[in-house]
Amino acid sequence: MRIGYYPGCSLTSSAREYDESVRAVCEMLDLTLVEIPDWNCCGASSAHVAGAELALGLRARNLALAEAAGLDEILAPCAACFNRLASASVELADAPDKRQAVSEVIGMPYSGKVRVLNMLAVLERFKDQIAAKTEQSFRHKVACYYGCLLVRPTKVAQFDRVEDPQSMDQIMAATGAKPVRWSSKTECCGTGLSTITRTELVANLSGRIVADAAKREAVAIITACPMCQTNLDMRRPEINQKLQQKHRIPVLYVTQALGLAMGIDPQRLGLQRHMVPVELPEPEPEVVTTDDDDDED
Amino acid sequence: MDVLRNKARDLLAQGQVQVVIGYEAGTSGARRPSFARSEADAARLMWDADCVGNLAGYLTRPEIKKMGKAAIVANAATLRALLQLTAEHQLAEGAVLALVVTEEGAVLELSNAQAVTEQVATLPSSLSAADREKLERLMALSREERRAFWEQELQRCVKCYACRSSCPMCYCGSCTMDCNRPQWVPVASHELGNLEYHTVRAMHLAGRCVQCGECGRACPVGIPIHLLTCYAEESVRRQFGQPAGTSATLNYALGNFRPDDQESFIR
Amino acid sequence: MADDVFEPKITAFVCNWCTYAGADLTGTSRLKYQSNVRIIRLPCTGRVDFMLIQKAFARGSDGVIVSGCHPNDCHYTSGNYHARRRWMVFNDLMEFMGLDMRRITFSWVSAAEGAKWATLVNEVTDHLRELGPYTEYQRLLNAGVA
Amino acid sequence: MSRLGVFVCHCGENIGATVDVTEVAERCKHMSGVAHAEDYKYLCSNPGQNKIKQAIQEHQLDGVVVAACSPRMHEPTFRRAVSDAGLNAYMCEVANLREHCSWVHQKADSTTEKAVDLVRLQVEKVKRNKPLDTIQVPITRSALVIGGGIAGIQAALDIADSGHKVILVERSPALGGHMAQLSETFPTLDCSQCILTPRMVDVSRHPNITLLTYSEVEHVDGFIGNFKVAIRKRARMIDEELCTGCGECLQKCPTKNVIDSFNEGLSMRRAIYVPFAQAVPNIPVIDTEHCRRYQKKKCDRCAKACPTKAIKFDQKDEILNVEVGAIVVATGYQVMSTDRFPEYGYGTYPDVITGLQFERYASASGPTQGVIKRPSDGKEPETVVFLACSGSRDAAKGVKYCSKICCMYTAKHAMLLKHKNHNAKAYVFYMDIRAAGKNYDEFVRRAIEEDGVKYIRGRVSRIYEEDGKLIVKGADTLLGGEPVQIKADMVVLASAALPNHGQGELAQKLHVGTDPYGFVAEAHPKLRPVETTSAGIFLAGACQSPRDIPETVGQASAAAAKVTALLSRSHLAREPLVAEVNRRPAPEYSTCTGCLLCETACPYQAIGHEDIKDRNGNVLKTLAKINPGLCQGCGTCVSLCRTKAIDLHGYSNEQVFAEIMSL
Amino acid sequence: MTSTFKLSASALETLFAALSTGGWRILGPTETDGRVEVREVKNPSQVASQYLQSTLSAKEVAFPKVERLLSYKMTPGQVELQDHDPELQPTVLFGARPCEAAGFGVLDKVFNWDSRDKLFSARLRQLTVIGLSCTQADDACFCTSVGGGPGSTRGSDLLLTPLPKGGYLAEVLTAKGEALQALVPAVFEPAEGVDKEALLAKVEPVFDRAELTAKLPGLFASELWAEQSLRCLGCGACAFVCPTCACFDIQEEADTKQGQRLRLWDSCGLRQFTLHASGHNPRNVQAERWRQRVYHKFSYFPQRFGEAMCVGCGKCTRACPVDMNLKEHLTQASGA
């Protein structure tokens, strides 16, 4: 199985551990990642504010490069890159005139057929292999955190349910984990405001998420977006200071959790790069359930 | 030939039938309908490969009916017409004795619809290979070419109604063409009158035509007019699957329906 | 009629219970459509004899619309089913005789589909304006008369 | 036919605005056969109709064309006016200048030209009209009511009281419908069971009513006055004559885990059950899907316990074929279930319930004997949030309409909560309060002012569960759009009222139309709300659109009045627009060839055949024969006939041909 | 008046050329996929050869199958009538068999019997017939029994008789014939001592027309006609191919705005021909209709004009779907 791979700038810098875990897990699932040759920035943070034509050109070029390399599907692990590329793919899918205009700008043809998938959409296809390859079962209570861009806006994401997504829960369940029922699956973590301007807002918003996860006795928060991971993990001191609590619940990428469950060495999964140290308790014991006998008269 | 003549003579002598409708020799080798009622008439009856005309049309003529019970020398087309006429309540069950001359020269007597149905089941398809090939060639043309072909052919029609009179299924005493209140189809044989007449006749034969080609043979100006009715019948068979002339209890394709009839042109 | 722009003449055979009522609804909702069509009311599409379509063209119509209840909605339970079978054979036969089937539009329009009727008429009118007058058929009207 | 009158209506401005009516009238004067033409402002008004009548006398007219609105609207009016003036009603035709011309085209010469064409079309048609007399069709003087809720009960009682036989068919094992599930009813708070049970008993005891519960309409044939209906009486596995309703069998049934739909899934019932205590008829039903005996396990505990041996395990469904003259559709509604609300937890939070479920809790015969409890832990809820407009007025849910009754029952629920538990806190999130009935708004004010229900104007965006509480996140748009968050113990969704399940199939069986939402379509929204487009089939209650009990009962009586009017006559005068086989002098007798291919085409089996015999009895010719009583005038046979032997009065070949030729 | 000449084979070229330049329309028998039809021709090469006869007769030139008599427009209050004069072009009918040429004479007697038929006469006046004698016949031909013959000059303005070695024996018979000769005098070479009879086909007379006419009144009630017409389908083929059938039907094609009155061929063989509005049909049985065809041609017409309304061409026999052979039936009748 072969798929286009668009790491994006965060996976080559502040979220290297996400990239490492993605490559490790994909290797285990024998899914070859073909990095798009000469890919360029998806314009996530500022391009779409600066100019529509610039933003569309940046994104279209990546799609055109993928198409030139014969890739009709691209994996974009980072939620922001996924949102940007997917919206371009949807926007150009049935707009021949737009395609014509943008291909002049980027100097390359683009037929409009490339589809963009986020990390969960790809992993969802391997649930059986994940279950099969799980060596030590990952039987922990985990809080699956989706963030905002993986499932919204529906026209672009075209993935899972908007209010109460289940895809990550099912992927984690394949490893034996027990996703908890909690209410902050798609609540905002504070995103763009985080590192630079309004850190106290992030402490408040991310704090709520961490508190909710802790209250449900989750052992770890699982996420598939570098932005969310950064806020929940790196801003933990501000969060604990705001909540007057000592929350030590680690924040793992879904690929890191799968890697651990499949017995990949934590070093290769980049766990050492986390701010909140990743110390997981022993997995919970097996509970044998017997089907209830109906009383025969 | 003699087996047939003896059979006809015996049937007439025993009074089983009052007339034997068959073929006799005509001008310069043609075969024409013959109505044997006496031993002398029976001697004129003939049977060979040229006897292709469909005699079933005569069974619905008042003059023939008045004669009493009839026997008819039947080729494949005549047998199918018998079944279709029975299905349309024009022939009562057992009103006609069909005489079929086999390759070996024996004469089969089919006295009821069931026997005729079994015989028809053994026959090849009603549409002759030549006609099927002509239809396919016409369908292969473009629409404009087909329009030109039919315009050029129908232009020559003089509306002598030989096609209608020779068709066994055109037994209607008063045809739509004869209706003048309202004057559905112009009587004149100008191009519009011809186009509308032949369209109406083809539609009236859809699901009823036994594809015997009699109308094509009857046309004095040589228009292949049988292709229209044969095509209409083919269209019904392809879309609704009820071939005419194969059963005495057929239900008329355009008189029935299935809720899931498939089409692709209704918006 | 503006003399330079070709205004197609369209005849419509509609069933009283669905499409006629649908056209009424188009009226009550004040939707606008082009005025080339002349509606002839019949109780059911089952009542539409193919000779009516033939006569409409003989009267110089450039296009004919035949419309009635959706299958399974017929007020008389099966009129439209019979009509559909006839149209299937008539359509096929006309194709075989090389007549221009783009000028006949068969459709189902229910009593609640006022908007669909307006769009249908506008689309057919524009399409016929594009196709131009049905000279191929109108040429026959007095051909073959000495 | 030479003296025609053409009357062109202005219809106020509706036609006059875009069609030059005086020009149309002028042009009609010159049409061949037209003796008199005039235009008038309102032809359908009395003075307008009198103008027509005078003109008929004055000019000895023998044909009239009225160019006005759609014939579907005023054809009967104008035909009656024409017949009052002594001219046969069917010598009058209507040209549709309003819906098909003035309203849909701009003001232009082409529009006026089209109007003239439309009038000429009818002028040519009316020249070929023949005087026709109405056909008298015998009526079966009994009625069928489908649906045993309050609508069906009221309609059945009214029809039965007028002396006609009624067959009442109810799908569930007992009468009552949704009303039986209600606790108290607004605006008077009188207990629903107390006012409903007497009516149900009246039905069971009424000599003219045959009550068929646990039965469904299988197939409907025929037409107004002569419906043939096949009803499937499903097997109860209990002999209704022998059963005394003692209930012994109910205790013995070992299967106790069947979800009780009467209690909206809040409790369990046994495999043999009676929907509710006061059920009419009080005869249990064995639910073969859950009863063990039908799941390959031997069990006959209920049979053993039955004192009168009424239980018959091998009872079979019965098909009853009945003939009725009229049908009333009273199939009621259903409420949108909580799993249609992703933003409120997709129905996975047990404490988020529907209005009907709250009714069951509040009802003394309910699972908790009237004590409001939380489904999750059974505790009495301290804080309850009610959400009005859940699913209604919401295009995303496909329900753009307002369900009309939720504002009232939400106020009632809040009031009942406060009555049962004074220190409970009740919040209502609402958009607009629609309490327009008699004493309705006062009822809501009472809930707010006397019972202290807190009304918050705003929508709830999300509900999620936290520490056993339901966090209700909303906004208060009156107080500057402040976000509001309430920790609630229970949330009641006043969810949208939808057409009852199975309504689509029933509508198709009856050939009645439905609107885009699936509610049964009335003949005319303003003028004929209790009739459908299929003559002889009437409507009552929420099957047409959501409505409260007072309106439903009113409409049920209205439908009953329509039925009684129909059944009051022994014969029904039917439109003479039927088909007929032509006759010709001997020896032809008719152009019909007797091929009888039309026989199978008639949807009403109205076509048979007759033999023409000579004096000594031998058959000269067999002709098709049409029974005018059965023929509905669809015309399918007319266009099928090859020799044009069959013609349809009102749409004859000559008439339609003339219309085409006038284009 | 008749003078005989010889034309070489190539003479036709010059004749046709002269005619076209002279503005004449030339009609002649052409052969298209096995069918011989009278169509417009420009040069002799288009004219069919080795054919017996055309299926439809050439009467179409003078009596078309559909002809507009008049048309009218109706505006409110008054009618505007347009009479129709056929724009006529002088026409030469080349290659008409002697029987067909004779047909025009018969038609002329009917159409101009008491009132002159304006349209028919106008068409006939501008027609010049170049006959072509028959060198072959089949057993449907019986022209010799009705006063005609393979070389009969009746009805032709110029009669050509094909010579064995090519070229034609030409007999100039009428003023129109002379007018043709005047067009191309050079090609008319003197002909010496050519035995025309020897060149013609042999058609044995089978009955005597005068005897038959005398006998027919006695046979009116005979069973013979019923017997002969058992197989007759009652179509109009025989009448429409017949050069001497002159019956026509008038049809009005009109609506509320305008209309036209058409004259079109009709046939006594069709049931509709004598159907009364009341539904009564004086000739309701096919036998009566067949008898009418025979009696009109061989009894009523001869009593009035002294000759048969038939030229014995045999086209009806060849066109009949069920082979109603007129020669055979008449022979049978004359022997009854």
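When I speak of buried area, I mean the accessible area that two parts lose on being put together, summed over both. Please keep in mind throughout that what we are looking at is a predicted model.

Let me start with chain C and chain B, where about 4300 Å² is buried between the two, with carbon and sulfur atoms giving 65% of that area. On the side of chain C, the residues that lose the most area to chain B are C:Arg85, C:Phe96 and C:Met97, which together account for 21% of what that side buries. In terms of residues, the contact takes 42 from chain C and 49 from chain B.

How many salt bridges are found across this interface of chain C and chain B? The rule finds six, and one that you can look up in the structure joins the side chains of C:Glu123 and B:Arg267, with 2.3 Å from N to O. As for polar contacts between chain C and chain B, the count is 22 residue pairs, both residues being at pLDDT 80 or more. Several elements of chain C give two or more residues to the side that touches chain B, among them helix 2 (50-58), strand 4 (104-108) and helix 4 (114-131), but it is helix 3 of chain C that gives the most, with 15 residues. By class, that side of chain C divides into 23 nonpolar, eight polar and eleven charged residues.

Let me turn now to chain E and chain C, where the area buried is about 500 Å² and carbon and sulfur atoms give 46% of it. Here the contact takes eight residues from chain E and five residues from chain C. In chain E, the residues losing the most area to chain C are E:Val66, E:Arg68 and E:Asp255, together 65% of what that side buries. One salt bridge is found across this interface, and in it E:Asp255 pairs with C:Arg59, the closest N and O atoms being 2.7 Å apart. The rule also finds three residue pairs in polar contact between chain E and chain C, again with both at pLDDT 80 or more. Strand 4 (66-75) and strand 12 (258-265) of chain E each supply at least two residues of the side that touches chain C, with strand 4 contributing the largest share, three residues.

Finally, a word on chain D, where strand 5 (residues 135-138) has a covered face formed by D:Ile135 and D:Val137 and an uncovered one formed by D:Gln136 and D:Pro138. Four bridges join this strand 5 to strand 30 (residues 571-574) of chain D, the two running antiparallel, and D:Ile135 stands opposite D:Arg574 in strand 30.

Note on methods:
Residues numbered from 1 in each chain as written. Chains lettered and ligands numbered in written order. Predicted model: local features only at pLDDT ≥ 70, side-chain atom pairs only at ≥ 80, totals over all residues. Heavy atoms only, no water. Contact = heavy atoms within 4.5 Å. Buried area = accessible area lost by both parts, 1.4 Å probe. Salt bridge = Lys/Arg side-chain N within 4 Å of Asp/Glu carboxyl O. Polar contact = N/O pair within 3.5 Å; in protein donor to acceptor, adjacent residues only side chain to side chain. Nonpolar A, V, L, I, M, F, W, Y, C, P; charged D, E, K, R; others polar. Buried < 20%, exposed > 50% of the residue type's maximum accessible area, 1.4 Å probe, protein only. Pairing = 2+ DSSP bridges.
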